[in-house]
Amino acid sequence: MGEVGAVGYEDTTMNVEHEISLLVEEIRRLGTKNADGQVSVKFGVLFADEKCANLFEALVGTLKAAKRRKIVTYQGELLLQGVHDNVMLSNVWWLFSTYEEGDWL
């Protein structure tokens, strides 16, 4: 097995950033905006959406990465289909309509 060099790490970081940017777009598309400008969507809606199913190889992993970067919030650590379908995901990236990949690093 080879070592993961700086380029490998950079590629992985770029993929995570790209996945998170797609996640933000999908939360915006499927969610509703509240008075504070936050957009929320239920996990079950996101999980069941056909476009999201095709976009995200690991939706739960992308959600965890976005939560660590404080781009989304939700209750709990691990979301499971069925059990957590009604958990609300909130996009807290203020002014997310003008975000660029890398802004949240």
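Author: A salt bridge here is a side-chain nitrogen of Lys or Arg within 4 Å of a carboxyl oxygen of Asp or Glu. The model is predicted: local features need pLDDT of at least 70, side-chain atom pairs count only at pLDDT 80 or more, and totals for chains, interfaces and linings use all residues. Residues are numbered from 1 along each chain as its sequence is written, and side-chain values use heavy atoms, without hydrogens and water.

Reader: In what order do the elements of the protein run from the N terminus on?

Author: Helices (H or I, at least four residues) and strands (E, at least two) are DSSP runs, numbered from the N terminus. The protein has 4 helices and 4 strands. Read from the N terminus, their order is α-β-β-α-α-α-β-β.

Reader: How many salt bridges does the rule give?

Author: Arg-29 pairs with Glu-26. Lys-51 pairs with Glu-26, and Asp-49 pairs with Arg-29. The count is 3.

Reader: Is Glu-26 buried or exposed?

Author: Buried means under 20% relative accessible area, exposed over 50%, partly exposed in between (1.4 Å probe, protein chains only). Arg-29, at 40%, is partly exposed. Glu-26 has a relative accessible area of 2%, so Glu-26 counts as buried.

Reader: Lys-51 and Glu-26 form a salt bridge; how far apart are the closest N and O atoms?

Author: Lys-51 is partly exposed, at 42% relative accessibility. The closest N and O atoms of Lys-51 and Glu-26 are apart by 3.4 Å.

Reader: How many residues apart in sequence are the parts that Lys-51 and Glu-26 tie together?

Author: Lys-51 bridges to Glu-26. Lys-51 lies in helix H3 (residues 50-55) and Glu-26 in helix H1, so the pair ties together parts whose separation in residues is 25.

Reader: Where is Asp-49, the residue paired with Arg-29?

Author: Asp-49 bridges to Arg-29, with the closest N and O atoms 2.5 Å apart. The pair links distant parts of the chain, 20 residues apart. Arg-29 is in helix H1, while Asp-49 is in the loop between helix H2 (43-48) and H3.

Reader: Which residues do the salt bridges that share partners join into one network?

Author: Asp-49 is buried, at 16% relative accessible area. Shared partners join the bridges into one network, made of Glu-26, Arg-29, Asp-49 and Lys-51.

Reader: Which residues have the most contacts inside the largest nonpolar core?

Author: A nonpolar core is a set of buried Ala, Val, Leu, Ile, Met, Phe, Trp, Tyr and Cys residues joined through side-chain atoms within 4.5 Å. The largest one has 21 residues. Those with the most contacts inside are Leu-23, Leu-46, Leu-63 and Leu-89.

Reader: Which element gives the largest share of this core?

Author: The largest core has 21 residues. H1, strand S2 (39-42), H2 and helix H4 (59-68) each supply at least two residues of this core. The largest share, 5 residues, comes from H1.

Reader: Which residues is Leu-23 in contact with, leaving aside neighbours within four places in sequence?

Author: Contact means heavy atoms within 4.5 Å. Leu-23 is among the core residues with the most contacts. Leaving aside those neighbours, its partners are Leu-46, Phe-56, Leu-59, Thr-62, Leu-63 and Ala-66.

Reader: Within what arc do the buried residues of H4 fall?

Author: The buried residues of H4 are Leu-59, Thr-62, Leu-63, Ala-65 and Ala-66. They line one face of the helix, because seen down the axis they fall within an arc of 160°. The arc is that of the directions from the helix axis to the C-beta atoms. So the answer is 160°.

Reader: Which residue just after H4 takes a positive phi?

Author: The phi is about 60°. The residue is Lys-70.

Reader: Which residues does Leu-22 touch, not counting residues up to four places away in sequence?

Author: Leu-22 is in helix H1 and is buried, at 15% relative accessible area. Leu-22 and Cys-52 are 30 residues apart in sequence and 9.1 Å apart in space, C-alpha to C-alpha. The residues Leu-22 touches are Leu-55 and Phe-56.

Reader: What share of the contacts with a separation of 6 or more joins residues 24 or more positions apart?

Author: The protein has 105 residues, and 35% of them count as buried. Among contacts with a separation of 6 or more, the share from residues 24 or more positions apart is 54%.
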